[in-house]
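Please open the model in your viewer and keep the selection tool at hand. The stops below say what to select next and what is there.

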Amino acid sequence: MNAQRVQNGLSALAWDQRLADMARAHSTDMLTNDYFSHTDPNGCGSSCRANNAGYGWTAIGENIYFTEGYNLTSTAEAEMIVNGWMNSPGHRANILGAQFTNDGVGVAVQGDKIYITAMYSKPR
């Protein structure tokens, strides 16, 4: 994602472990409860999850991805995911969002099922 940002004249995002922890929890929840959505079954989306974690933010965004049945290296998988996001206007807008300064990515894997959540923010 940072390579895409730099290629588009933006600063790289800083890794934020708290965002990564929230992202991993969301990916794990989607895998465990068999859904694929920005909003969990209780109606809580990315801003709700950040608020519940006590994470102060002035801008927040999220991309999610699900893949199944591939047997790729982690590098090839990451390239496929980012390319998919870059070809989707809403996901691309998050990756290239000038309002964001930080990111964190969380992955949950079971067999060949992979759930990925990327969270973007500008912390308070």
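Is Phe36 buried, partly exposed or exposed? Select Phe36: its relative accessibility is 45%, so Phe36 counts as partly exposed, where buried means under 20% relative accessible area, exposed over 50% and partly exposed in between, with a 1.4 Å probe and protein chains only. Before moving on, note that this is a predicted model, in which local features need pLDDT of at least 70 and side-chain atom pairs count only at pLDDT 80 or more, while totals for chains, interfaces and linings use all residues. Residues are numbered from 1 along each chain as its sequence is written, and side-chain values use heavy atoms, with hydrogens and water left out.

The structure holds four aromatic pairs; rings of Phe, Tyr and Trp (its six-membered ring) pair if their centres lie within 6.5 Å, and planes under 30 degrees apart count as stacked, over 60 as edge-to-face and the rest as tilted. The ring centres of Phe36 and Phe66 are 6.4 Å apart with their planes at 55°, so this pair is tilted. The pair links distant parts of the chain, since Phe36 lies in the loop between helix H2 (17–33) and helix H3 (46–52), Phe66 lies in strand E2 (residues 57–68), and the two are 30 residues apart. Helices (H or I, at least four residues) and strands (E, at least two) are DSSP runs, numbered from the N terminus.

Next, colour the strands. Four of them form an open sheet in the order E1-E3-E4-E2, with mixed pairing; two strands pair if DSSP finds at least two bridges between them. Strand E1 (14–15) and E2 stand at the edges with a single partner strand each, so one side of each is left without a neighbour in the sheet. Strand E3 (residues 102–110) and E4 pair in the antiparallel sense over nine bridges, and Gly106 has Thr117 in E4 as its bridge partner.

Finally, select helix H4 (residues 74–86), in which Glu77, Ile81, Val82, Trp85 and Met86 are buried. Seen down the axis of H4, these buried residues fall within an arc of 165° (taken from the directions from the helix axis to the C-beta atoms), so they line one face of the helix. They pack against helix H1 (2–7), E2, helix H5 (89–95) and strand E4 (113–123), where contact means heavy atoms within 4.5 Å.
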